[in-house]
Amino acid sequence: MRIKITFSYDGTNFFGYQVQPGLRTVQEELERAVSYLNGQKPTTTVASGRTDKGVHALGQVAHFDLDKEIPCNKIKLGLNSLLPDDIYVLQVEAVNDCFHARYSALRKTYIYKINQGHFDPLSRFFCYQLQKSLDVSLMREASKLFLGEHDFRSFVDSEDIRENTTRTVYDIDFFEEGEQLTISFCGNGFMKYQVRNMVGALVLVGLYQKSISELSLLLASRSRKKAWKASPTCGLYLKDIVYEEKKNS
């Protein structure tokens with residue numbers, strides 16, 4: 001029985017999503033709860049992707065296989081009773097065995113929150129405390145460079161070694177509410193630190209410390225050696241993931 005879950009988590013007290021020996025991770029907590037439901041049999045979960053230390057999720061997705069039939073509503077209740085308070089399962093669905101949380105994904109949306117006003121201690125783990133005014137119109141214009149298919153090697157973590165660093169960004173939106181700016185990125189996938197590096201670049205443009213032409217040259221260089229400073233993890237959220245609809249067998 002293959003199960004798909006959609007869940008949220010506060011990444012503040014996790015050392016990222018993926019299991020790491022001796023460190024608290026989202027995957028470890030999730031698999032502990034899933035394994036208990038599966039008759040205390042060690043059960044692997046597969047997520048849509050990893051998030052780094054301090055990154056949050058509003059709609060992360062994972063799948064796992066159970067050895068016995070359990071109603072979805074009872075799986076949801078059971079998992080939420082077993083999971084810590086910084087993880088919550090929002091939805092549980094029985095899916096076709098062909099479903100894969102990572103490889104079946106069509107597009108992902110991340111959002112990034114920036115505080116342009118006074119330091120806010122209540123949101124210090126959930127928002128980049130920039131405390132400076134940004135030229136959002138200029139940032140919006142600069143963000144158009146990222147739209148479409150590009151080689152984003154200049155915006156990938158140097159440790160994220162892979163041959164293909166080409167991704168497609170479908171849409172970038174800016175939302176202002178008071179002194180908080182939220183930037184939304186939708187694409188077919190994002191690599192390690194890619195969104196944070198793109199935000200960091202846009203912030204430098206919005207502060208007039210870098211120009212749009214310099215950003216264009218950085219993107220074209222396809223070199224991490226010329227990279228600019230990434231934005232902090234605390235402002236980043238995995239918002240949601242879109243999958244191709246398939247009928248269950």
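Q40 lies in the loop between α1 (26–37) and β2 (46–47). Helices (H or I, at least four residues) and strands (E, at least two) are DSSP runs, numbered from the N terminus. The model is predicted: local features need pLDDT of at least 70, side-chain atom pairs count only at pLDDT 80 or more, and totals for chains, interfaces and linings use all residues. Residues are numbered from 1 along each chain as its sequence is written, and side-chain values use heavy atoms, with hydrogens and water left out.

Most residues other than glycine have a negative phi. Q40 is not a glycine, yet its phi is positive, near 60°. Q40 counts as exposed because its relative accessibility is 60%. Exposed means over 50% relative accessible area, buried under 20%, and partly exposed in between (1.4 Å probe, protein chains only).

Y193 also has a positive phi, of about 70°, and is not a glycine. Y193 sits in the loop between β9 (180–187) and α4 (194–206). With a relative accessible area of 28%, Y193 is partly exposed. Leaving aside residues up to four places away in sequence, Y193 touches D52, F155 and D157; contact means heavy atoms within 4.5 Å. Y193 and P232 are 39 residues apart in sequence. Their C-alpha atoms are 9.9 Å apart in space.
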